[in-house]
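These are my notebook entries on one model. I set down what I looked up, entry by entry.

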Amino acid sequence: MKLTSKEVAHVASLARLEMAEDEMEKFAGQLNAILEFADKLNRLETKDILPTAHVLPLNNVFREDRVTPGLESKAALLNAPEAEEGMFRVPRVIE
Amino acid sequence: MLEQCTVAEALERLEKKEISALELTEAALRRVEAVDESVKAFVTVTKNEALAAAALVDAKRLSGEAMPLLAGIPMALKDNLCTKGVLTTCSSKILDNFKPPYDATAVELLRDAGAVLLGKTNLDEFAMGSSTENSAFFTTRNPWDLERVPGGSSGGSAAAVAADEVCFALGSDTGGSIRQPAAFCGVVGMKPTYGRVSRYGLIAFASSLDQIGPFTKDVRDCAIVMNAIARYDARDTTSVPMETPDYTAQLSGGVKGLRIGVPQEYFAAGIDQDVRNAVQQALAVLVALGAEAEEISLPHTDYGIAVYYLIAPAEASSNLARYDGVQYGYRAEADNLLEMYQKTRSRGFGSEVKRRIMLGTYALSSGYYDAYYLKASQVRTLIKQEFAEAFKKFDLILTPTAPSTAFPVGTVEDPLTMYLNDICTIPVNLAGLPALSMPCGFVNNLPVGLQLIGKPFAEATILRAAYAYEQHSGLIKQKPALSGKGVPQDEQI
């Protein structure tokens, strides 16, 4: 076992997910099976191989520093679960 | 039967004024009403908007305006493509009320080309799956056999085209999500080169792998739709600034002298014998037409799934962090912010999405990054290099699209077993290459998919070979019994 239920709980909290005990155990089993499958990668020597983050030979794509029309605040707030005075409203953060 | 028209046929009849755009859209809507209760391809049908858009096309034609490329052609869009003011759910509870304030670039291009949006199609939640069974709403059915899956994740788009509900559709392909459902549903599906079609407005799953592409009834239509959507877009920094060739211009160039590599790893034990046979027969046809085939080896193929299921979840865990109940979508009520995040995400996401977020979060987490994410990214380099090496000698690589034909609904329960479905399609995304799936035969009345993989930005070569094969095989004309092909519709009533 690579991942214990306790580690699964830690990863869940990092991902902002909460899970019931039985769900946690089911996930631990499934995640372990996938990670064990991925172990086959260790058969390959990759010491001097550069990682590929994406396939294109594009780096640092710049645009001119010019103001262009963007999404208006009213449109941006259309889907907000709660909005007030042109802002997204969320539960209290500061006591 | 109007709804069976290809894009090219419909355009010709519209041009000659034999039919109107409104008639075409009405025929498509009637077809949706007749079959979608059993196929379940659509999450949303935009009937009134479609009728209005079609009427507008007719009015423009009447006034003598120049008609754009796809004027009056009914289409469907996978429900992870943003459509302004039209529900875009990703087949997830967390976005079930989301109406984007803008169109994706590909959608905008199609609207500008005059295509008529009929509706949004079902997918595995956030495009994570290979059967459409992970949709939070319902499972789409395969038009060839309603007890079977249409493939996924773009199962709704594939099924809608196969069932003649629309002339064409768009999907997205991260690890095979266009090609595998195209194979299962017996239609043509293309994943363009990474960077060829703008991803702006495509709801992100794994950004280094995602690409938008068409589902069509034949190869010519695929070229036509590619002509409309392949465009440089400054709003996507991975969009490649280059001219779009006319993909229809070179279709009939034939395959004489075309060099085709046939990787033995894609015909190994995990691939059904019937599927192998059908693909080998398609290869024999291409050789008879003048192509030169040679067996090759791509030894890193076997590592593709392991690489993909570390990299894609890693990117997904980061991309899906934005669903926190603040800006859009579902929000669970809670007393404080952290609890609101947790409850929103736990209730809003389905289990496959949670599983991948967990896997990705773990693969990126402190202490495990090198062992998983970095290692996978290095092996990705090896896979990419292996293809580049092969393409020094070959113009195309030919493989099956999927290891089997469509499987029955509810039969693959283990996530890892489901992942193995993507064995033939995943390496293509990892290397960013273009590839197409098209029907190459039937096993027990279920379509088999042939995959043609090309060099970066060599979509035209793929389409030319696919067209040559299609002209010869005539397979594309076969329709699922659902469509009642051969039985005039009036007589059925």
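**Conventions.** I worked on a predicted model, in which local features need pLDDT of at least 70, side-chain atom pairs count only at pLDDT 80 or more, and totals for chains, interfaces and linings use all residues. Residues are numbered from 1 along each chain as its sequence is written, and chains are lettered from A and ligands numbered from 1 in the order in which they are written. I took helices (H or I, at least four residues) and strands (E, at least two) as DSSP runs, numbered from the N terminus.

**Chain A against chain B.** I counted residues in the contact, two residues being in contact if their C-beta atoms, placed from the backbone, lie within 7 Å. Chain A gives 41 residues and chain B gives 54 residues. On the side of chain A that touches chain B, the elements giving two or more residues are α1 (5–14), α2 (21–38) and α3 (73–77) of chain A. The largest share, seven residues, comes from α2(A). I then sorted the residues on this side of chain A and found 31 nonpolar, five polar and five charged. In this sorting, Ala, Val, Leu, Ile, Met, Phe, Trp, Tyr, Cys and Pro count as nonpolar, Asp, Glu, Lys and Arg as charged, and the others, Gly among them, as polar.

**Helix α11(B).** I looked up its extent: α11(B) has 14 residues and reaches 20 Å from its first C-alpha to its last, close to the 20 Å expected at 1.5 Å a residue. The expected span is 1.5 Å times one less than the number of residues. I next asked how many residues of α11(B) are buried. A residue is buried if 20 or more other C-beta atoms lie within 10 Å of its own, exposed if 12 or fewer, and partly exposed in between, with C-beta atoms placed from the backbone. Ten of the 14 residues of α11(B) are buried, so this helix is largely enclosed by the rest of the structure. Among them are B:K354, B:R356, B:M358 and B:Y362. The cover over the buried residues includes α1 and α2 of chain A, together with α9 and α12 (370–390) of chain B.

**α9(B) on α11(B).** I examined the packing of α9 (residues 304–319) of chain B on α11 (residues 351–364) of chain B: the angle is about 95 degrees and the axes are 7 Å apart. Therefore α9(B) is roughly perpendicular to α11(B). Axes are lines fitted to C-alpha atoms, for helices over the stretch in contact, and angles run from 0 to 180 degrees between N-to-C directions. Angles under 35 degrees count as roughly parallel, over 145 as roughly antiparallel, 65 to 115 as roughly perpendicular and the rest as oblique. Residues of α9(B) in this contact include B:L310 and B:P313, and those of α11(B) include B:I357 and B:L364. The contact divides into eight nonpolar, three polar and one charged.

**The sheet.** I traced an open sheet of eleven strands in chain B, with mixed pairing and the order β1-β3-β2-β4-β6-β5-β10-β11-β9-β7-β8. Two strands pair if DSSP finds at least two bridges between them. The edge strands, each pairing on one side only, are β1 (42–45) and β8 (292–296) of chain B. The twist from one strand to the next averages 25 degrees.

**β3(B) and its partners.** Six of the six residues of β3 (residues 116–121) of chain B are buried, so this strand is largely enclosed by the rest of the structure. β3(B) pairs with β1(B) in the antiparallel sense over three bridges, and B:V45 stands opposite B:G119. With β2 (residues 74–78) of chain B, β3(B) runs parallel, joined by five bridges; B:M75 has B:L117 as its bridge partner.

**β10(B) and its partners.** Seven of the nine residues of β10 (residues 435–443) of chain B are buried, so this strand too is largely enclosed by the rest of the structure. Three bridges join β10(B) to the antiparallel β5 (residues 188–191) of chain B, with B:G189 opposite B:S437. β10(B) also pairs with β11 (residues 446–454) of chain B, antiparallel, over seven bridges. These two strands form a hairpin with two residues between them, and B:N444 in the turn has a positive phi of about 50 degrees.

**B:D233.** I located B:D233 in the loop between α7 (219–229) and β7 of chain B. B:D233 counts as buried because it has 20 C-beta neighbours inside 10 Å. Not counting residues up to four places away in sequence, B:D233 touches B:T105, B:S198, B:Y200 and B:S239. B:T105 is 128 residues from B:D233 in sequence and 7.7 Å away in space, C-alpha to C-alpha.
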